[in-house]
Amino acid sequence: MATHAYAPDQLPAYPETPPVLPGTVGVHVVELADRLAWHEAQPDDLYARGFARAVHEEVLAELSISRRQLSALTTADKTKLAPHIQSLLSDKVAAADAHDPAVVNWLADRNKVSNATFLDFLRRNVEAVVDQQADMTAFLRAKQAAYADDVFRASLDGWMSTAAMDVSRTAADTRILVGDYWATHFHDVKGYKYNARTVVLAQGIGTTRAARNEDFRRTAPDTLVHEDFHVDFGQYLPAGFELFNEAGAEHTPLGLHYGEPHILDPDERRYDSGVYYQYRKLIADMMAGLDPFLFTRAVTSRNAHSQDWRALNTALYGKYGVNEVPERICDRMRSHAAQLKDVHPDRPFAVRNRRAAELTREELQTDPQLVLGRPKHTKPRHLGAAVLHKRRR
Ligand SMILES: [Zn+2]
């Protein structure tokens, strides 16, 4: 036994830690430091001491890696991160400008900020997320129950598919995790689907726990329904249907929370988030002159071969005179996105896709054959065919 530095299974049991999004900045080093403090407080024990020494070195290594990562950020990224650091360390640092990147350099500098203070910063980052997760559990459970009811009613009202009624049984199984600033706000992301049944929502921002919770209560509900859509419906769409997935995910919370589910065009709605604007403009153009609920029912039908998808495809065939209109539009948008990637590799993915949707919409208006190929109709049929001819240049 003396040949082992330590034998983890023989150490006293360390208490369980609360659930937190893996990847939360500091979560590993804070856990190590807590473990170290805990073992150091145990009665003198050879294994515990050996373990403590190893942990101590790992904590130091992790702290210096974190500092290096901070100082390696671009000035633009430091400007973005500065307010978060100031909000967590408001008792230790105060700059006139919340976005002053100097605060990031200060934190990363071992001559100015001790390891203890740096660890304290990481601990506060983790605690803000863990506390919010705990504080918001009941709130999120209630929101999720309301979402299940809303979807059930939307299905009865006929703007979501009948399959959407299943959500009332499964919505409570969705796991909701609060994501730390670095995983969300830092990338201009309000939430994301983490895996098949888990969504992440961006933490609330503020200098106190109460202020952060208040911000979360205000911002999280719409994002939750957007991500719920990806979990409950989007993941059943065919591969490459990002346009339909995101347009559906953004239109759904708007329809459920603000009404007007029949108005797909963001510019025509009384209230609009402006999120995925170009995607939804493209969908609105595609659906112009058709029953908008053909779209909302198809994307909530959980199966690309459903009755609802067939109904949408039939209507689009009537309008444009070609089959597989959704596939063709998605293909065209993807090929624009690929070209944009060649020309502007530095532009963010979201910016390129937004532009690709805009280009596809312009083509659909001015020269639909670029997007859809040649119509199969020999004579104009329905409204769409007439639109096609009128808009040709
Ligand atoms: Zn989305």
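The structure described here is a predicted model, in which local features need a pLDDT of at least 70 and side-chain atom pairs count only at pLDDT 80 or more, while totals for chains, interfaces and linings use all residues. Residues are numbered from 1 along each chain as its sequence is written.

The protein contains 16 helices and three strands, where helices (H or I, at least four residues) and strands (E, at least two) are DSSP runs numbered from the N terminus. Of its 393 residues, 36% count as buried; a residue is buried if 20 or more other C-beta atoms lie within 10 Å of its own, exposed if 12 or fewer, and partly exposed in between, with C-beta atoms placed from the backbone. Two residues are in contact if their C-beta atoms, likewise placed from the backbone, lie within 7 Å, and among the contacts between residues at least 6 apart in sequence, 60% join residues at least 24 apart.

Two helix pairs that share α14 were examined. Two packed helices are described by the angle between their axes and the distance between the axes. The axes are lines fitted to C-alpha atoms, for helices over the stretch in contact, and the angles run from 0 to 180 degrees between N-to-C directions. Helix α13 (residues 325-343) packs against α14 at an angle of about 130°, the two axes being 8 Å apart, and α13 and α14 are therefore oblique to each other. Their crossing is right-handed, a crossing being left-handed if the near helix is turned anticlockwise from the far one by less than a right angle, and right-handed if clockwise. On the α13 side the contact is made by I329, R332, M333, H336, A337, L340 and K341, and on the α14 side by R352, N353, R355, A356, A357, L359 and T360. By class, this contact of α13 with α14 comprises seven nonpolar, three polar and four charged residues, where Ala, Val, Leu, Ile, Met, Phe, Trp, Tyr, Cys and Pro count as nonpolar, Asp, Glu, Lys and Arg as charged, and the others, Gly among them, as polar.

For the second pair, the axes of helix α10 (residues 277-287) and helix α14 (residues 349-366) come within 8 Å and cross at roughly 20°, which makes α10 roughly parallel to α14. In this case the crossing is left-handed. Residues Q278, Y279, K281, L282, D285 and M286 of α10 meet R354, A357, E358, T360, R361, L364 and Q365 of α14, and by class the contact of α10 with α14 has five nonpolar, three polar and five charged residues. Helix α10 is mostly covered, eight of its 11 residues being buried, namely Q278, Y279, R280, L282, I283, A284, M286 and M287. The elements that cover these buried residues include α9, α11 (292-299), α13 and α14. After α10 comes G289, whose phi is positive, near 85°.

The strands form an open sheet of three in the order β1-β3-β2, with mixed pairing, two strands being paired if DSSP finds at least two bridges between them. The edge strands are β1 (175-179) and β2 (191-195), each of which pairs on one side only, and neighbouring strands of the sheet are turned by 30° against each other on average, direction ignored. Strands β2 and β3 (residues 198-202) run antiparallel and are joined by four bridges; G191 has L201 in β3 as its bridge partner, and N195 stands opposite T198 in β3. A hairpin through two residues joins β2 to β3.

Positive phi values also occur in residues other than glycine. D188, in the loop between β1 and β2, has a phi near 55° and is exposed, with 10 other C-beta atoms within 10 Å. E260, in the loop between α9 (242-258) and α10, has a positive phi of about 55° although it is not a glycine, and counts as partly exposed with 15 C-beta neighbours inside 10 Å. Elsewhere, T314 lies in helix α12 (residues 307-320) and is exposed, with 12 other C-beta atoms within 10 Å. T314 and V325 are 11 residues apart in sequence, and their C-alpha atoms are 9.6 Å apart in space.

Conventions:
Angles under 35 degrees count as roughly parallel, over 145 as roughly antiparallel, 65 to 115 as roughly perpendicular and the rest as oblique.
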